[in-house]
Amino acid sequence: MLSILAWWAIPIGAVILAAALSALARRVRRQSDDDTISAYRRFREAIANTEEQVGPAPDA
């Protein structure tokens, strides 16, 4: 009986360890709001620059 519980403890422990490591990695890599805002600002500037280079679309 004890050996069956030990064999079940190995995969269950591995799943719990993987979930904990995944949660820790996600928490460490999370961007701050300032990074997100500046990235969005750079994105909007790039879109505006592209629209300026292409020019207005001709009316059909």
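The protein exposes about 6,000 Å², of which carbon and sulfur atoms supply 64%; accessible areas come from the Shrake-Rupley method with a 1.4 Å probe, and for residues only the protein chains shown count as cover. The model is predicted, so that local features need pLDDT of at least 70 and side-chain atom pairs count only at pLDDT 80 or more, while totals for chains, interfaces and linings use all residues. Residues are numbered from 1 along each chain as its sequence is written, and side-chain values use heavy atoms, without hydrogens and water.

The protein contains two helices and zero strands (DSSP runs, numbered from the N terminus: H or I of at least four residues for helices, E of at least two for strands). Of the 60 residues, 0% are buried (under 20% relative accessible area; exposed is over 50%, and partly exposed lies in between).

Helix H1 spans residues 2–29 and includes isoleucine 12. With 49% relative accessibility, isoleucine 12 is partly exposed. Together, Ile4, Trp8, Ile12 and Ile16 make a nonpolar surface patch of about 470 Å² (residues with over 30% relative accessible area and no salt bridge, nonpolar side chains being joined within 5 Å and like charges within 9 Å; a salt bridge sets a Lys or Arg side-chain nitrogen within 4 Å of an Asp or Glu carboxyl oxygen).

Helix H2, residues 33–54, holds both tyrosine 40 and phenylalanine 43, three residues apart, about one turn of the helix. The protein has one aromatic pair (ring centres of Phe, Tyr or Trp, the last by its six-membered ring, within 6.5 Å; stacked under 30 degrees, edge-to-face over 60, otherwise tilted). Tyrosine 40 and phenylalanine 43 form this tilted pair, with 6.5 Å from centre to centre and 35° between the planes. Tyrosine 40 counts as exposed because its relative accessibility is 52%, whereas phenylalanine 43, at 47%, is partly exposed.

Notes: Buried < 20%, exposed > 50% of the residue type's maximum accessible area, 1.4 Å probe, protein only.
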